[in-house]
Amino acid sequence: MSMPDTVSPEPAAGQESLREALARGNTTLARIGPILSHLLATPDHSLFSDELVARIRGMCHHLAWQVLRAQAEAGGQSGREAFADRHGEALAEHFFGSPALLAHCHALALEWQLTERLESQYGLDPVLSPLVQELIAAEDSSLASTAMAALTAQARFAQTQRRMELPLSELPGDLFHDLLMGWRAFSGQLRSDAMIRAETKLRNVFDEGAGRISLLSRVVVGMGGSALQALDIDRAGAALFLSALAARSGQTRVAAVLSTNHQQTARLALGLRSTGLESAEVERQVLRLDPQAVPPREISALPPEDARRLLAESGLGGAA
């Protein structure tokens, strides 16, 4: 039964209950970074076969391999792949020390896990959702072109996630810069002319705006007032849904992804309500993502602006 939109006689008590739920959720999320760092640094992987950890490790290794291959190419070495393979493990271990990078990779792994689950449970195509298909045919040529580019980027995302890889070109700009700084720190006094040339080339070809996350954000912006359509997971698919949720609720995309975890029902419901969705639709989306969830009934009495304020006060930001 859907939740009514009537006003509760005790709105203050309801908001306090939601604050407590967010605080409990934050406690859980705060443990993610240290646990991931420990698991990734553990040499005996037989004890940690979890798919998410393997996927995050694979992405970090692929990032390390790419910068090392660029270094070998800039130095004129013939065995570029061999050079990258030889030093990749150590550089990847260094990257494991970056909480922001681990949070980003973790969010991507969770997004792909959600994408695969939606395909398995509901038959939702992991690349082409019904809404994206409609947007590609939109009369607005700019929106249609951006949607087509986002579709192509989503296809690449599916391919690379299946291989547990992450192209440098798909990093947000700040993480791309931090990764190159981490590469510098790893090399220390051994930084060579080849490394300097490689870094310059990598920076010159990097285009954050051509990345999947940027393209999805542009699709949401291009939709204007109709962007609420992207908050229907069945029509939008996971990728566009998450970008719309982040943009419309004022959260980072990492925070939006984390809110889909089964222990973060209050955060997901608040995020959806803060976008302006009616409480009945909030409940429908929450249950679509987790049929076993219990959506907080306090949401029905909460104006969208108060939901957004509660999220902002929770202090999660983009941290994992």
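## A salt-bridge network

Asp232, Asp234, Glu281, Arg284 and Arg288 are joined in a network of salt bridges. A salt bridge here is a side-chain nitrogen of Lys or Arg within 4 Å of a carboxyl oxygen of Asp or Glu. The structure holds 19 salt bridges.

Before we go on, a word on the model: it is predicted, so local features need pLDDT of at least 70 and side-chain atom pairs count only at pLDDT 80 or more, while totals for chains, interfaces and linings use all residues. Residues are numbered from 1 along each chain as its sequence is written, and side-chain values use heavy atoms, with hydrogens and water left out.

Let us start with helix α3, which covers residues 51-74 and holds both Glu51 and Arg55. Helices (H or I, at least four residues) and strands (E, at least two) are DSSP runs, numbered from the N terminus. Glu51 and Arg55 sit four residues apart, about one turn of the helix, and their side chains meet in a salt bridge, 2.7 Å from N to O. Glu51 is partly exposed, at 34% relative accessible area, whereas Arg55 is buried, at 5%. For these words, buried means under 20% relative accessible area, exposed over 50%, and partly exposed in between (1.4 Å probe, protein chains only).

Arg57 forms a salt bridge with Glu93, with the closest N and O atoms 3.6 Å apart. Arg57 lies in helix α3 and Glu93 in helix α4 (residues 80-95), so this pair ties together parts that are 36 residues apart in sequence. Arg57 is buried, with a relative accessible area of 12%, and Glu93 is partly exposed at 31%. Another pair is Arg184 and Glu199, whose side chains meet in a salt bridge of 2.8 Å, N to O. Arg184 belongs to helix α8 (residues 173-187) and Glu199 to helix α9 (residues 193-205), so the parts tied together are 15 residues apart in sequence. Arg184 is partly exposed, at 32% relative accessibility, while Glu199 is buried at 3%.

## The chain as a whole

The protein chain has 15 helices and zero strands. Of its 320 residues, 49% count as buried. Among the contacts with a separation of 6 or more, 72% are between residues 24 or more positions apart; contact means heavy atoms within 4.5 Å.

The accessible surface of the chain comes to about 14,600 Å², and carbon and sulfur atoms account for 55% of that surface. Accessible areas come from the Shrake-Rupley method with a 1.4 Å probe, and for residues only the protein chains shown count as cover.

## Cavities

On a 1 Å grid over the protein atoms alone, a cavity is a set of points where a 1.4 Å probe fits but cannot get out, and lining residues have an atom within 4 Å of a point.

The largest cavity is lined by 18 residues, and Pro126, Val127, Ala236, Gly237 and Ala239 lie nearest its centre. Helices α5 (99-122), α7 (141-162) and α11 (233-249) each give two or more residues to this lining, with α11 giving the most, five residues. The lining has twelve nonpolar, four polar and two charged residues. In this count, Ala, Val, Leu, Ile, Met, Phe, Trp, Tyr, Cys and Pro are nonpolar, Asp, Glu, Lys and Arg are charged, and the others, Gly among them, are polar.

## Residues worth a click

Glu111 is found in helix α5 and is buried, with 0% relative accessibility. Beyond its neighbours within four places in sequence, Glu111 is in contact with Phe157, Arg212, Ala239, Leu242, Arg253 and Val257. One of these, Ala239, is also among the residues that lie nearest the centre of the largest cavity.

Ser259 lies in the loop between α12 (253-258) and α13 (265-274), and counts as buried at 1% relative accessibility. Leaving aside neighbours within four places in sequence, Ser259 is in contact with Leu245, Gln264, Arg267 and Leu268. Ser259 and Gly25 are 234 residues apart in sequence, yet 9.0 Å apart in space, C-alpha to C-alpha. Finally, Met164 lies in the loop between α7 and α8. Its phi is near 60°, a positive value in a residue other than glycine, and Met164 is partly exposed at 28% relative accessibility.

Definitions and conventions:
On a 1 Å grid over the protein atoms alone, a cavity is a set of points where a 1.4 Å probe fits but cannot get out, and a pocket is an open set with protein on both sides within 12 Å along at least five of seven lines; lining residues have an atom within 4 Å of a point.
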